[in-house]
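Please look at the sequence and the model first.

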Protein chains: 4
Amino acid sequence: MISFDCDYNKGAHPEILKRLIETNYEVQPGYGFDDYTQSAKEKIKEACGGGDIDVEFLVGGTQTNMVVISTLLKDYQGVIAADTGHVSVHESGAIEYSGTKVISIPGTDGKLNPADVKAWVDNFYSDATYEHMVIPGMVYISQPTELGTLYSKAEMESLAEICHERDMLLYVDGARLGYGLMSYEADMTLEDVARIADVFYIGGTKVGALCGEAVVFTGGCKPEFFMTSIKKRGALLAKGRLLGSQFDTLFTDNLYFIIGRHAIDMAEKVKEIIKEKGWDIYLLTPTNQQFVLFDEKQMEEVGEKVGFDRWAPYDESRTVVRFATSWATTEDEIEALRKV
Amino acid sequence: MISFDCDYNKGAHPEILKRLIETNYEVQPGYGFDDYTQSAKEKIKEACGGGDIDVEFLVGGTQTNMVVISTLLKDYQGVIAADTGHVSVHESGAIEYSGTKVISIPGTDGKLNPADVKAWVDNFYSDATYEHMVIPGMVYISQPTELGTLYSKAEMESLAEICHERDMLLYVDGARLGYGLMSYEADMTLEDVARIADVFYIGGTKVGALCGEAVVFTGGCKPEFFMTSIKKRGALLAKGRLLGSQFDTLFTDNLYFIIGRHAIDMAEKVKEIIKEKGWDIYLLTPTNQQFVLFDEKQMEEVGEKVGFDRWAPYDESRTVVRFATSWATTEDEIEALRKV
Amino acid sequence: MISFDCDYNKGAHPEILKRLIETNYEVQPGYGFDDYTQSAKEKIKEACGGGDIDVEFLVGGTQTNMVVISTLLKDYQGVIAADTGHVSVHESGAIEYSGTKVISIPGTDGKLNPADVKAWVDNFYSDATYEHMVIPGMVYISQPTELGTLYSKAEMESLAEICHERDMLLYVDGARLGYGLMSYEADMTLEDVARIADVFYIGGTKVGALCGEAVVFTGGCKPEFFMTSIKKRGALLAKGRLLGSQFDTLFTDNLYFIIGRHAIDMAEKVKEIIKEKGWDIYLLTPTNQQFVLFDEKQMEEVGEKVGFDRWAPYDESRTVVRFATSWATTEDEIEALRKV
Amino acid sequence: MISFDCDYNKGAHPEILKRLIETNYEVQPGYGFDDYTQSAKEKIKEACGGGDIDVEFLVGGTQTNMVVISTLLKDYQGVIAADTGHVSVHESGAIEYSGTKVISIPGTDGKLNPADVKAWVDNFYSDATYEHMVIPGMVYISQPTELGTLYSKAEMESLAEICHERDMLLYVDGARLGYGLMSYEADMTLEDVARIADVFYIGGTKVGALCGEAVVFTGGCKPEFFMTSIKKRGALLAKGRLLGSQFDTLFTDNLYFIIGRHAIDMAEKVKEIIKEKGWDIYLLTPTNQQFVLFDEKQMEEVGEKVGFDRWAPYDESRTVVRFATSWATTEDEIEALRKV
C-alpha cells in the first residue's frame, strides 16, 4: 500500500543494506571499536566542521535523549523543553526514569520561543527558594520539531546565548535533522548546528537507517567513561558495527543529505497537492511532515487509497492527520496521492 | 584474520540479511506491530510448545536483563545471581540503575548450586529482621553460563522448585541459548526451558543475528503495558521489523538450531585440537566457549596466527584465554587453528 | 521577632514535648514497633471512621509524597497534579528521582478543576498512541492547596469519581490538613477525606509536630512489605517512637483539631487586619495562609515590625507576600500585626 | 524491662530534650538555616580540627549513606564495601535504589582488609574490559563496624592511601562513631578521622539523639546544590532546627564524647560479666556491642530477666546474641545483668 503514515515504515536505504552485506564476514571487534564506527566518527566530525568534537552512536531516539540528558545533567538539574517536545510527551517517562525532571514550557507550533525561555529562567532565579526546585541545566529543542517546524539560525543562536548565560547546555534532538538541514527554508548547515548547540544528535532511524542515532558532543562535553554509562542504561550494542556501518554509509558521498533532500522534494509536492485539493490546512511545514484536517468522510475516502497518520482529534467533526515523506517516498506514490 | 575471540565479531547469518533485503520496501507499522514480528512471535511460541506464552523482542542482552528484571520484580525485591553472572559483573550496574539489588552468591564454574540457593534463602527467612533487607524475588541463571557450562534439566528443575516454594521467579538468560540447546551434552529442549523457567530469553546477537533477543514469558507473567515500560527504558525500536524479521528468519526451517549445532560441531573440534596440542586446560565446556591457560610466549606465538580472547589473569605467568566458535566459524578456520 | 512567615518556624506544641520527656526512658523497640506508634495508628484509624484503613508514619512531606506515589504507582504510570502542586514545583524533582513522571495540568488558585482532569484523561485515551506516554495512574491534590484554598466535598468526590472510572487513585497531600479541616468554610470531616480519597496524609510538621506525617491507606491499598520500601528510600526512622509519640499526642483529646482551629481563628483575624489596612489583596483564603501585594516601601516598613514570606514577584513594583498562622500564633502577635 | 537489645530503644539524652524545650518558642527559619544548625556546624568543624570542612545534617543512617554515596559518586561509579557492611546487607537496597552498585568484598569481623581492597582494585584495572563494569569510586567502611570492631589508625590510613591512588573516596559510616572514638582501644581522635577520611558521618541516632546524623565533607568535596540533592531524595527536614539543636547540644561541653565514654564503660563491665559467667563468646569487641552464643535454654532463662538481641543463627543448637550498651545504660542495669 502507498503510505504517507510516517518516515520509518520501510526498511533502510539500499546503500546501507549493501554495505552490511559487503562487510558481513569481516572480523571486527564489538562495542563500537570496529573500523566502520571509527570511520563514521571521523566522517561525521569532518561534516561538523572538525574541532573539539566527539561522536558516539546509540540505537534509538528516546534512548539517545535519555542517555544524553541523564549523563550530562548534574544531580540537581533538570531539562527545559517545549510542552510538545518528544521528551515532554512521547517517551513514556524515560527521562524521569533516569531520575531527571522535564520542565515543560508552552511552545508555538512545536518551537520554544527564546524570549519565553529567558523569562522562565529569569523568573526562576528571582525566586528566593529556587534551591527547593530542580535547577535548569539544559534546554532541549527538536530540529525540526515534532510538528515539522524549523528554528532559524538566529533563533537557535538566541537560545544558545540564553543557555550559556545561565550555565545551561543547549541540546538539539535531531531525530529528523536531515530533513531540517535540507529544507528549502533551512538557513543552517550541519556545521552551524555543531557550532551553536552544545550537544545534538543526527537521526538515522527516521532518515534511512534501520536504526541508530549519532550523538555529537562539542567543546569537550562528552562525559568520561561514556561507554560505561551507555551500558549502564542497557544501550550498548555488542555488534556496534551495525551502527558504525550505517552511519559510515550515510556520511559517504553525502548520502545523508541526498536522502534528506529527496524527502523534502517529495514533501513540497505533497504540499502542492494539499493546496490543489483544497484540504483544510492545519500546518504546512518546511520539512517532511504536513498536517491537514480531515472529516470522517475524508478520512475514509482518502484512507482507502493512501495511508496517513491520525495525529490528534481537532474538533467535533475533524481530525488532524499527518502526511510524511521519507527517503523511500517515490514519484509513483506522489502521483497516487495526486489522484486520490 | 582468523578469529576465535568471541561469537559476535562477524555480521549476521546470510539468511537474515537476505530477508531484510527482500522485505525492505514493504510498508510495515513501527514498534513491533509489523507482520514479521507477529509471525516471529507465533513461531517462537510454537517452538516453545505453545500454551500460555508471550514473546517480546528487545535489542541486546544487558538491556533485556534490565527490562525483564526491573519490570517483573516488585519494589521491595531483588534478584539472586551467581557471582560470575552477567548481571553481577558485566553490565556496568544496569540492574542497579533500574533500582534493583543483585544478590550475588558464589557459584561453581559459573553455575548456581541449587542447594546453595536453598540454604541462602532459608537462612534469609530465618533472620527476624529480613524486612530490612531486599526480599529475594527472582533467581537469575545463564544457560549456558558465562563460562560455557550447562545446567542439567534436573538442576534447572530443582532451582525452579526452590524458587516457587519461596515465591520467586526463575529467569534464564539465554544470550547463547542456541549453543546450550544444541550441545552434545544437552538434556533439555527449548520446550523444556519454557516449561521450567518462568521467563527466559532466546539470544539472537550471539547466535547469528545483527542484534536482538526474544523474551519468553510463561504462565501469563508478562507485565501489563509492557511496551510502555520498554519505551520508558529507552529500549523500544521504531523499526521493530528489524527484530521481527531476524527472529522470523531464525525460527524458519530450524535456522536457530542449525546455527547452534554448527557452532557446537566446531567447538568440539576446537576441544580436540586443544587436547592434541597439550595446552593447559582451564575449562573445556559442552558449549561454544573453551578456556585454556597460556603463558606469555604462547600468547604471542598463537596470537600471531589466530585471534582469541584474553579472559582473565590466572597466575604470575599465565592467563586464561578463551576460544569461541559461532554460526560463522568455518572449517578453514578450524584447520588454521590446528596448524598453529 | 514576631513572625507570620510560615507555619514551621517554631518548635512543637508543648504537649508533644511533654510526652517525649515523660516516655524518654521507656524501652521501646525501633522502626515503628513501639507502643506509641501502635496506639497512634489505632487513634488515627478511629478518627478516620475505622474500617479497612492502614496508617504508617514518615518524617516529612516531600518524602511522604515520594514514598506514597512511587510505591503505589505501577511501572508504566505517572501522577497528574496541578501545575502549582508541591510535587510539580517544590520537591527538587523527588518524584522524578523515584522514576515517576508528574503530569502537570493548569489549575486555578492551586486547585485542579475536575472537568479539566476529566477532559485531559478523556483526551489521553482518545490518542491511539497513548501507550507511548506515561499512563495516568493517580491524581494528586493538596488539601488545603499550596495557596491555602480548599476543595469542597463535592469537588473532591467528583475527582474521586473521575479517578475510579479510569483506574486511577486519588491521593490527597494533607501537609496542612488540620487547617483545612478546621476552616470555617470546611464542609468535610477527616472521615469524609478517608472515605473519598484512596490514600492521603495527615500533616504533622506544619501542624504542631517537630516532624512527621501520617499516611492513611484506605481500601487495603497499602503496598506489601511497605517497611522494606520505606527503608529502600532512606525514610525509615530507627527511633520510630519519635513519630508515634507525636501523633499519639496529636490524636489524644482532639489536639490535632484544636491546633488546627487555633490557627484558623488567628488567620481570620489576620484577614480582618488586612482588610482594615486596605492592603492590596492577592488571595484571601479560608485556611491559614493569606496573600497580599506589597510594594517596596510596604515590604520595608511592615517588614521592620513583623515577619512575612516573600512569595513571588507580581509585577514591576509589587511582590506577593504571605502571612501564615500556626498552632503557635499568639494574640500578642495578632495585636502587633494590627499595630504595624 | 532491663534491655541490652540495642542502642536506640530509649529516647534521647536529657540535655537534648532540655534544649529543645528551652528553644521551642524561638522563631527560626526552616531547612537548616536556623541558628542552632549554624552553631552546630561550627562546633563540629572545630571538633574536627577546622580547615576545609563542610557539615550537613540528615535524619537517619541509611538515608545518609544513600545521599552521600549517590551524590558523591559519578554516574559510572560504584562503592566497595565489606560483605557485612550496612550498605551491603541492611538497607533494603537503598544504595541500589539511588542507581548505584554496591561491590561487596569479604571482610573479617566486619572489617575490610586493606590488602584485600588493593588486590581487588588492582585486579579490576588489570581486566581489559573493565569499562563494562562499574568503576570503583569509593570505599565504604563503618567505624566501629556493624560487629563492633574497630579499624586502627594505621588501617584507616592504609585504606585512604589505596583509595587515593585509584581516584576513590574513603567514606566512613560513623553511625556509632562516638563509641568507636571513646573505646579504650581507640588510637584515633575525631580530628584523625577528619584528616584521613574524605567524607564521614557522626552518628546521632545511636549516640543519644532522637534522630540525626552529621555528615562531614573534607577537602571541599561537598557537592554543589547539596540542599537540592537532599530534597530530591526526600531527606530535607522543614524544621531543620530539630537536627541542629541536637547536634549543637551534643557538641557542647563534650557531651557526644561523654555519652560515648559512658557506653564504653558500661560495655567493659558487660564483657567482664560475660567472662565471669563463662558464656560462650562469639566476639567481644572494644566498643558497645558484645556477641555471645546462647543455646535455647540460655536464651529463655536469661531472656526472662534482661533483653538482648537475637543477632543470627550460629549452629544447630546455638544463636549469636548481642548485648549492646548506650548513653542510657545504667549501673542498675549492669547489676541486673550480673545477677542473671
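## A helix pair in chain B

In chain B, the axes of helix α6 (residues 114-126) and helix α7 (residues 153-165) come within 9 Å and cross at roughly 10°. Axes are lines fitted to C-alpha atoms, for helices over the stretch in contact, and angles run from 0 to 180 degrees between N-to-C directions. Helices (H or I, at least four residues) and strands (E, at least two) are DSSP runs, numbered from the N terminus. α6(B) and α7(B) are therefore roughly parallel to each other; angles under 35 degrees count as roughly parallel, over 145 as roughly antiparallel, 65 to 115 as roughly perpendicular and the rest as oblique.

From α6(B), the residues B:P114, B:V117, B:K118 and B:V121 meet B:E155, B:S158, B:L159 and B:I162 of α7(B). Residues are in contact if their C-beta atoms, placed from the backbone, lie within 7 Å. The contact of α6(B) with α7(B) is made by five nonpolar, one polar and two charged residues. Ala, Val, Leu, Ile, Met, Phe, Trp, Tyr, Cys and Pro count as nonpolar, Asp, Glu, Lys and Arg as charged, and the others, Gly among them, as polar.

## Basis of the model

This is a predicted model, in which local features need pLDDT of at least 70 and side-chain atom pairs count only at pLDDT 80 or more, while totals for chains, interfaces and linings use all residues. Residues are numbered from 1 along each chain as its sequence is written, and chains are lettered from A and ligands numbered from 1 in the order in which they are written.

## Contact between chains B and C

Between chain B and chain C, 14 residues of chain B are in contact with 14 residues of chain C. Helix α10 (residues 226-232) of chain B supplies the largest share of the chain B side, five residues. That side has five nonpolar, five polar and four charged residues.

## A sheet in chain D

In chain D, four strands form an open sheet in the order β8-β9-β11-β10, with antiparallel pairing; two strands pair if DSSP finds at least two bridges between them. β8 (280-283) and β10 (309-313) of chain D stand at the edges, each with a single partner strand, so one side of each is left without a neighbour in the sheet.

β8(D) pairs with strand β9 (residues 289-295) of chain D over three bridges, in the antiparallel sense. The bridge partner of D:D280 in β9(D) is D:L293. Helix α12 (residues 255-277) of chain D packs on the sheet and touches β8, β9 and β11 (318-324) of chain D.

Notes. Contact = placed C-beta atoms within 7 Å.
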